Amino acid sequence: MFSGQLPQFLDPRKYADQGRVVEGQLTVRDLPRLQEYKDSLDQPVVISLVFGRDEEGHRRIEGEVSTTLVLPCQRCLEPVTYDVRATIDVALVWNEDQAKALPERLDPWLIDDEPMVLTDLLEEELLLAMPLVALHDPCPTALPHDSGEPEKQENADNPFAVLAQLKGQGK
């Protein structure tokens, strides 16, 4: 069991065969694909993973990864804080044929003979768990209200006025 200091690389086949547990913490700064969330870089990322085999013999990784991200609200563009929690439940496969042979209830995680980079799995699951659109409920900033009436444009030129002039010249 790993607790606290997380391994950067691991052998998922060996871990699953040994029934290992990996628990600990990183920061968002440690996850390269989440670097764009500058206001979140110091936020803790809590990891709890159990490697093992299920009753059918599939090597699996189950657990959870969670953090807090500061995202721009898509309505008012002010920062909004989201707790992002991903449940991890994947079956380890070494090729596409094995992935296709898995029961539908299992999500494949494609690996090879190289050591697995733990942060790859964590990033992928957090990105999938993020909201599609980050919004405040309600926004702290007053938004302009649409009156339903079209805006009046002063001195708005009719885009077809030039065509009318040209048509008139041909007569």
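Trainee: Is F51 buried or exposed?

Mentor: Buried means under 20% relative accessible area, exposed over 50%, and partly exposed in between, using a 1.4 Å probe and protein chains only. F51 has a relative accessible area of 1%, so it is buried. Please note that this is a predicted model, in which local features need pLDDT of at least 70 and side-chain atom pairs count only at pLDDT 80 or more, while totals for chains, interfaces and linings use all residues. Residues are numbered from 1 along each chain as its sequence is written, and side-chain values use heavy atoms, with hydrogens and water left out.

Trainee: What is the mean confidence of the chain, as pLDDT?

Mentor: pLDDT is the predictor's confidence in each residue, from 0 to 100. The chain averages 86, and 87% of the residues score at least 70. Helices (H or I, at least four residues) and strands (E, at least two) are DSSP runs, numbered from the N terminus. Confidence is lowest in strand β1 (residues 2-4), with a mean of 48, and highest in β4, at 96.

Trainee: Which residues form an aromatic pair?

Mentor: Rings of Phe, Tyr and Trp (its six-membered ring) pair if their centres lie within 6.5 Å; planes under 30 degrees apart count as stacked, over 60 as edge-to-face and the rest as tilted. The structure holds 1 such pair. Y15 and F51 are edge-to-face, at 5.3 Å centre to centre with 75° between the planes. Y15 lies in helix α1 and F51 in strand β4, so the pair ties together parts that are 36 residues apart in sequence. Y15 is buried, at 6% relative accessible area.

Trainee: How many bridges link β4 and β5?

Mentor: Two strands pair if DSSP finds at least two bridges between them. β4 and β5 have 8 bridges and pair in the antiparallel sense; L49 has G63 in β5 as its bridge partner. These two strands form a hairpin with 5 residues between them, and G57 in the turn has a positive phi of about 90°. β5 is also joined to β6, antiparallel, by 13 bridges. Of the 14 residues of β5, 10 are buried, so this strand is largely enclosed by the rest of the structure.

Trainee: How many residues has the largest nonpolar core?

Mentor: A nonpolar core is a set of buried Ala, Val, Leu, Ile, Met, Phe, Trp, Tyr and Cys residues joined through side-chain atoms within 4.5 Å. The largest one has 37 residues, and L49, I61 and L122 have the most contacts inside it. β6 gives the largest share, 6 residues.
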